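Dear colleague,

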Amino acid sequence: MGWPLAVSAGLMDKTPRALFRALWALAAGHLLATLLVLLPFAFLLVLAEWQRSIQLGASLLVIGFGAYRLIERRHPRALARIPPTQLALWSFAVALAHGAALMLVPIYLGLCRAFELDAGHEAAGALMKASLGMAVLVSLVHVAAMISAGGCLAWLVYRYLGLRFVSRSWFNLDAIWATSLILVGVVALAFNLASWQ
């Protein structure tokens, strides 16, 4: 969701270089946030006897965070224009606050193992448990996908649509995102409880 700030930086400085500098800062902050969330869970995998409690706790955490985001929808106006020098810090804080890596935690903790898995989920589970380096690789792939998609949107809006399009067509995806977090948490919790009995 940081791509509008990249568009803003490009439009304010009247140069595409400002847009791309902003995208780099957003990527750095997002990567740091995903690593901060994923790496502790990578270390927790060592505690195999606590796996069930960790899985249930992660499911409840995802549900709770989604419910919180549905209830607390305010976005401060001060965040509308972040100076380029503070974009990495903004990206880090927002990625943590929005739970950027929480979508990766269920796979990393094996929450997808409750029932028969397809080959893709089995391969993902095996890779994630292979090493601590895999947590770093997953974070890098996630950030590359996020910044590629956001960067394409930012460039298209900056180059072809402009500020008028952004100000007139902006909509808030927080409710959809929060609902998807709750749904994923409930499904993971249901799978865990079903496999426990």
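I begin at one residue: Asp-13 has a relative accessible area of 37%, so it counts as partly exposed (buried means under 20% relative accessible area, exposed over 50%, and partly exposed in between, with a 1.4 Å probe and protein chains only). The side chain of Asp-13 meets that of Arg-21 in a salt bridge, at 3.9 Å from N to O, and the structure holds one salt bridge (a side-chain nitrogen of Lys or Arg within 4 Å of a carboxyl oxygen of Asp or Glu).

Before going further, please bear in mind that this is a predicted model, in which local features need pLDDT of at least 70 and side-chain atom pairs count only at pLDDT 80 or more, while totals for chains, interfaces and linings use all residues. Residues are numbered from 1 along each chain as its sequence is written, and side-chain values use heavy atoms, with hydrogens and water left out.

The protein chain averages a pLDDT of 78, and 72% of the residues score at least 70, where pLDDT is the predictor's confidence in each residue, from 0 to 100. Confidence is highest in H1, at 87, and lowest in helix H6 (residues 119-130), at a mean of 60. Where pLDDT is low, the predicted coordinates should not be read in detail.

As to the overall fold, the secondary structure comes to eight helices and zero strands (DSSP runs numbered from the N terminus, helices being H or I with at least four residues and strands E with at least two). Buried residues make up 39% of the 197 residues in the protein chain. Of the contacts with a separation of 6 or more, 86% are between residues 24 or more positions apart, a contact being heavy atoms within 4.5 Å.

H1 is mostly covered, with eight of its 11 residues buried, among them Trp-3, Pro-4 and Leu-5. H1 is followed by Lys-14, which is found in the loop between H1 and H2 and has a positive phi of about 60° although it is not a glycine. With a relative accessible area of 72%, Lys-14 is exposed.

The largest nonpolar core has 19 residues, of which Ala-6, Val-7, Leu-19, Leu-23, Leu-26, Leu-87 and Ala-154 touch the most other members (such a core is a set of buried Ala, Val, Leu, Ile, Met, Phe, Trp, Tyr and Cys residues joined through side-chain atoms within 4.5 Å). Two or more residues each come from helix H1 (3-13), helix H2 (16-44), helix H4 (87-97) and helix H7 (132-169), and H2 gives the most, with six residues. Leaving out residues up to four places away in sequence, Val-7 touches Leu-19, Ala-154, Val-157 and Tyr-158.

Ala-22 is found in helix H2 and is buried, with a relative accessible area of 1%. Beyond its neighbours within four places in sequence, Ala-22 is in contact with Ala-6, Ala-9 and Leu-87. Ala-22 and Ala-88 are 66 residues apart in sequence, yet 8.4 Å apart in space, C-alpha to C-alpha.

Lastly, there is the surface to consider. Val-141 lies in helix H7 and counts as exposed because its relative accessibility is 52%.

With best wishes
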